[in-house]
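Please look over the sequence and the model shown here before reading on.

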Amino acid sequence: MNASPEMQHWIVAVLREASLPGAEALDIQASADPATAWHRAGLSTGVDAGVLADLVAAHFGLDRADLSTPELFATGLLPESVARSLGVLALHCTDRVVTVATSDPVSFEAERQVVSLTARSVALEIAPPAEIAVATDRAYASVPPSAAHALPPLESGCPDRILVVDDDLDARLLFRRILTEHGMKVIEAPGGLKRSTPSGLRRSASSRSTSECPGWTGSRSSAGSARGSTSASSR
């Protein structure tokens, strides 16, 4: 019995859809890493990386990535080691969405990790792997080690529990991750005047989260400031 042929890499379908010379005979296994797949695709069809990126973007209905000016804060959302292992670069972000350059738009694991680490949904843009690698070198050379979600050190007297109140689930997840990293116990609740408050905690914008934590300048984070998200706490 003949063995079943191994599944082809998604980039083969992209090239065949474009009817490029040599695409029908192309054989790139699905297990190939992005750098290898893109390199072999270019060699077999004579297409340079930029044209190939255009074809990939069109195939998946995505934009081409502009790697020239990534935002410092967006890049800092992902640790450099993670960005390199996933072959991605965070380019810019809002409080809800982070835009990421990738050469592998079907990598669900990469998307899952980016969502988990940034507490944001992900918008993908396409760039060749070699160009992402160069842009990553350049971008992280400008990112201080503590750039991502840097907060002032907590001083003594700050409560050990914080209630985060916001209707936006993404914002609450971001608050939780930041505050947990600083040793706080976080309780979440949606916003709204009629919402109930967990026993023992006060919901007030003028709560101890700011007035009794000398090392902090406010109870709003960059993720929630545009909507006026607040956190409240009590012992």
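## Basis of the description

This is a predicted model, in which local features need pLDDT of at least 70 and side-chain atom pairs count only at pLDDT 80 or more, while totals for chains, interfaces and linings use all residues. Residues are numbered from 1 along each chain as its sequence is written, and side-chain values use heavy atoms, with hydrogens and water left out.

## The sheet

Four strands form an open sheet in the order 1-4-3-2, with mixed pairing; strands (E, at least two residues) and helices (H or I, at least four residues) are DSSP runs numbered from the N terminus, and two strands pair if DSSP finds at least two bridges between them. At the edges are strand 1 (63-64) and strand 2, each of which pairs on one side only.

Strand 2 (residues 88-93) and strand 3 (residues 97-102) run antiparallel and are joined by five bridges, and a hairpin of three residues links strand 2 to strand 3. Within this pairing, C93 has V98 of strand 3 as its bridge partner. Strand 3 and strand 4 pair in the parallel sense over six bridges, and V97 stands opposite S121 in strand 4.

Strand 2 is mostly covered, since five of its six residues are buried, where buried means under 20% relative accessible area, exposed over 50% and partly exposed in between, with a 1.4 Å probe and protein chains only. A90 is found in strand 2 and is buried, with a relative accessible area of 1%. Leaving aside neighbours within four places in sequence, A90 is in contact (heavy atoms within 4.5 Å) with P70, A74, T75, L78, V98, T99 and V100.

T75, in helix 4 (residues 72-76), likewise counts as buried at 1% relative accessibility. The backbone oxygen of A90 lies 3.1 Å from a polar atom of the T75 side chain. Not counting residues up to four places away in sequence, T75 touches residues including L89, A139, Y140 and V143.

## Two nonpolar cores

A nonpolar core is a set of buried Ala, Val, Leu, Ile, Met, Phe, Trp, Tyr and Cys residues joined through side-chain atoms within 4.5 Å. The largest one has 26 residues, of which L67, L89, V98, V100 and V114 touch the most other members. At least two residues of this core come from each of helix 5 (80-86), strand 2, strand 3, helix 6 (108-118), strand 4 (121-126) and helix 7 (129-140), and the largest share, five residues, is supplied by strand 2. A second, separate core of 18 residues includes W10, A37, A41 and A57.

## Helix 7

The twelve residues of helix 7 should span 16 Å at 1.5 Å a residue, and the end C-alpha atoms are 16 Å apart, which agrees; the expected span is 1.5 Å times one less than the number of residues. Its buried residues are P129, I132, A135, T136, A139 and Y140. Seen down the axis of helix 7, these buried residues fall within an arc of 120°, so they line one face of the helix, the arc being that of the directions from the helix axis to the C-beta atoms.

What covers the buried residues of helix 7 includes helix 2 (34-45), helix 4, helix 5, strand 2 and strand 3.

Definitions and conventions:
A polar contact is a pair of N or O atoms within 3.5 Å; within protein, one must be able to donate a hydrogen and the other to accept it, and residues adjacent in sequence count only if both atoms are side-chain atoms.
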